[in-house]
Each structure stands twice: as structure tokens, then as C-alpha cells.
Amino acid sequence: MHPRLPLLALGITLGLAAGARASEPAAVEQPKLTAQTLKSGGTMPAEQARLNFDHADLHFTIDPAKRHLDGEAILRFTAREATGVLLLDLDRNLPIRRIAVDGKTLDPSAWSNPDGRLRIRLPKPLAKGGSVSTTIAYGGQPHVAKRAPWDGGFVWSHTDDGQPWVASAVEGEGCDLFWPCIDQPTGKPDLVDTYVTVPKALAAPGNGVLIGIEDNGATRTWHWRIKHPDTYAISINVGPFKELKGNYASRYGNTIPMELWYLPAHEAGARALFGEFPRMLDFFEQEIGPYPFGDEKMGVVETPHLGMEHQTLNAYGNGYPKSEYGFDWLLQHEFAHEWFGNQMTNSNWDDMWLHEGFGTYMQPLYGQYLVGDMAYFAMLHTERLSLSNKVPVVSGQPRTEDQVYDGQTGPGLDIYYKGSLVLHTLRGLIGDDAFFDSIRRLVYGRPDPKPGNFEPRYASTREYIDIVNRVTGKDLKWFFDVYLYDAALPKLETTRHGDVLKFHWVTGHGEPFPMPLEVQVGHTVHTLPMTGGTGELTVPAGSLLIVDPRSKVLRDMPHVETFRAWKKEQAESQKKAGKKD
């Protein structure tokens, strides 16, 4: 899930978790975020590309009453190429008190952060292969999210009995909203230690493995350690949580710790949700491969916002509902991102459908796994009704997060739903064996993943196309060109000459599209190879005729657009009527 989570969301309305109160508005007007801080991704600056991010030691002290964060970040880098600067990202509205390099405090003239891009001039040039450490002490009131997770920042909320309930969700604007980082998909640190100090009555569940809890008297410091975290997947969570714990015996021979941190008033719902963990793990490990972070945990924490795929500690605020499909769609979607987002991370925001399209397809696939085809096709049909097809899913150029998620100038929700339906069509084209083999190679970088023989990796759309071509032994560039790099869906034109029915694929820019087509005549299903994008079949007048009877091919369907236009008219009419009232 990301800031513009699909609003259809399998027909479930969005809202805060039951028993929670919305975050109150900030007491004072927030300082505006700069364009630099609002932006995440794009083309990585050369100064950042020269660095390998070895380790982040992040110390946070959270004061819920004052909505204040005090931070100290100790960051270590190794130079891939010689450099004289460290270029980081940090919201300028979190004032910096001190910066040191290799333990020596710098004169303020050696660094600047006018717009949220922190430039630190090193005392001496760093040679290729050399290492450097910088300490950045800073603090203030972090940006408040008015409507998390759609806009990024902190959520300062409270439980029904008045206890503090705090969460961060920063995927859209990026990690620089509360810690100095490299705000790029490829800016992952190799290792992160977080130390979160909170009032003693509260807990601070975090990403990765709990190393220890230090008692400071009135406060406690929670120390967590995580390997290769996605930059926006490092999170702050504070509340009067209780914990459910268990272990899952993986089909791969390892044991996976499971943790759910919940508000005490929601214990019944939490226990029911926790009961879904094992079968979700079984589904993903069976269909995709080993849970990528089995040596850390499968973790979930209840949040005062809908949710986010924070690595090993997914944010959950869906209110523990019951579903017609027999599972909690939000938990399943967020958990899917442990594979599609956290283990395999897109190398640029332009490839975000690799997170969201694959993550979204996991819901109908899971419905099929649980109860069969009816749930699978019902969910796909809901997705089909949401497509805009105004902008290609992939542009082929570096993009920022906002450029991708903007539904007017970018693909918007199509990275979710169109991406999912493209995968459904690909699966029907190449078959299950090749399809799931291609996914394993994309996620793990190899066809035979086992615990310990893979690490988190970066991937691109072009790489996935190459994988599919290798797995199938065919050149399927035509498939991806039409579905990902063209906005319009392919149209199927039909003409009749006597008893002969001719079919012809028409694409947005005349691209070749030899997509095989199933046609049912009477009770017999025929498969037309559609070589050259055309095919024909004898269909006597009056015969039962169903084109694509198993709904395998994503294509332009006029009745869908007619329905969407009608729904839009109805919404506008209701809006006008409401204004008159």
C-alpha cells in the first residue's frame, strides 16, 4: 500500500481502526515542506550514487505530549567512487544542532540544508573504497500527516482511554521526513539499528529483531535491528500495545517468529487476525518462495492510519473486519509487499507496478487459493472496473513518487489494478509453471530460493521482461509494449462474411499483438493463434458465440466504459443535489 491506496480496495470502505480517534489537527500551522522534501526518487544525484550506505544508527526520543522528536543519526558510508561530500535528505523543518565527521564536530560553514537536501563537505576527500562516518543531531516537530497514509508524516493520536498512540507513514514524501537518509528506492542502508525512547507505560515495536529494552527510569529505550530495509519502511510506532507471539514452521525447514502488537481493547479482533498469519505464510511460501525475513519476524502493529508495508512490521489499521472472501485484504496486501517491495525493490519509482501490480494480484490469487475461482474472478472484475488507461503504466524514464501516483498526469491507480490484470493475462498466456518461475527469479534473483541463499535486491521492468523471455524461450516484448508502455488497451474488432467470423487486434499505436484468442462456438472452445494479430473461425448464423469465455485477456470492453461513464454522471448528479440541499 502506498499513499494513494486503491479506493476500491475490494469494496471495503476506508477508515481508522475501531475504537480509535482521528489525529487532532496540529496546534499551530505547520511549516511548509520544500519541493525537495515533498519529492521522493527521480534521478539519483551523482554524489549519492558514489556512496554505499553501510549502516544507520538511529536514536529517536519521542515526546507524545509535545509531538516532538529528538534525533541523532550515526551514518556510515563506503565510497564507490572518490568524493568530497556527503549528500543526504532531511526535512529542513527539523533543525540540525550538530554535525560531526569521524567523531570531529564540523564548523556550521561545512554543511548546509536550505531546501531539505543536506550537503556536508568532508574535511578531506574520501578515496574509492574508503569509509566515513557522520553524526547528525537534530530535532523538532516532525511533519504531521493530515490523512495518512495518503500524505506522509507522523500521526499523533490517542486511544479511547486517552493514552498516546503514535505512528509514522512516510512512503510518499520519503524517509527524510524524520531521519537523514538517501531518499531513493536504491538508497537502502545495509543495516539499521533503531533506538526508540518513549514513556515507560508505552511500547515501541520496531522493524527487524528486538535486541533489548533499556530501563531509564521514567522512560524505556527499545533497540531494534533490521537488515537491508526499504528506505520508507523504517517506522516509528508508539502505544500501550499488548503482543501476540507465535512461531511458524516453514516448509523450507526454518522457524519464523510471528508478532502482532495491538491495542488491549481490540484483543478479540487481534486474535482473529493473528490466526490468519500461518495460512498467509503458507500461501506465499508455496506460490512465490521463502518468506524473505524469516530470521527476523513476520510482524504487524495496529496503527491509527489504514496501513503501510513497513518491513517486518506491517502497519495495520483496517479495524479487524470480516470479509466475503474469508481474509483481511489489507493485511494480505501489506504482507505481499514483503516480497514485492521489501525483498525485491524497484530500482526507480517508474517501475512501481512491480510493487503494486504484483502486490495487488496476490489478493485474487489468495482468494483462489482459499476458496476457488469464484473469488478470484470476482476480485479481478472489481479491479477491471477501476482502470483509467490514460497514461502508460511504465514511462521508461526516471520518475519521482508523485509523478507515478498522480492519477491525472501519471498512471495512478493503474499501477495497482492494471498491473494485476496484466499479470492475470500473462499467466494465461505462458502457463502457471513459467509464470511462477518468472516471479521467483524476479523476487529472489534465482529460480531455487532457500533461506540463506538470497538477499534483498533491486529490479526493473526491463529485467522482468528479460526474465519472462528466458523462462518461456519466446520474445514477448510485444505483450509488455502494449500493456505497460502504451496507455490504451488492445481492442478486438470483429467482422462477418457469411459464416466466417474474422477477428483483428487493434492497438493504440499500431503495435503488433499476436495474442491468442479463445472463442466458444456452441459448446466447443477454439483457440485462434492470431498470428499477425488476426484470425478467423466458421461460426454459423444463430450459433452460441462467446469470445474469450474464460476471461483470459485484458482488452478494451465498451460496456465497462459505458458503466464507468454512468457512475461518474450519477456521482456528479448526487454532488449537485447535495449542494442544492
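In this predicted model, Arg67 is buried, with a relative accessible area of 16%, and its backbone adopts a positive phi of about 50° although the residue is not a glycine. Arg67 is found in the loop between strand S1 (51-63) and strand S2 (68-79). A positive phi in a residue other than glycine also occurs at Asn389, where the value is near 55°; Asn389 is found in the loop between helix H7 (373-384) and helix H8 (401-405), and at 15% relative accessibility Asn389 counts as buried. A further backbone feature is the cis peptide bond from Ala148 to Pro149, with omega near 5°, and Pro149 lies in the loop between strand S8 (131-140) and strand S9 (153-158).

Turning to charged side chains, the structure holds 16 salt bridges, among them one between Arg271 and Glu267, with an N to O distance of 2.9 Å. Because Arg271 and Glu267 are 4 residues apart in helix H3 (residues 267-274), they are separated by about one helical turn. Arg271 is partly exposed, with a relative accessible area of 48%, and Glu267 likewise counts as partly exposed, at 30% relative accessibility.

In the salt bridge of Asp432 with Arg427, the closest N and O atoms are 2.7 Å apart; here Asp432 is partly exposed, with a relative accessible area of 38%, whereas Arg427 is buried, with a relative accessible area of 13%. Asp448 forms a salt bridge with Arg446, for which the closest N and O atoms are 2.7 Å apart, and in this pair Asp448 counts as partly exposed at 34% relative accessibility, as does Arg446 at 28%.

Methods. Residues are numbered from 1 along each chain as its sequence is written. This is a predicted model: local features need pLDDT of at least 70, side-chain atom pairs count only at pLDDT 80 or more; totals for chains, interfaces and linings use all residues. Side-chain values use heavy atoms; hydrogens and water are left out. Helices (H or I, at least four residues) and strands (E, at least two) are DSSP runs, numbered from the N terminus. Buried means under 20% relative accessible area, exposed over 50%, partly exposed in between (1.4 Å probe, protein chains only). A salt bridge is a side-chain nitrogen of Lys or Arg within 4 Å of a carboxyl oxygen of Asp or Glu.
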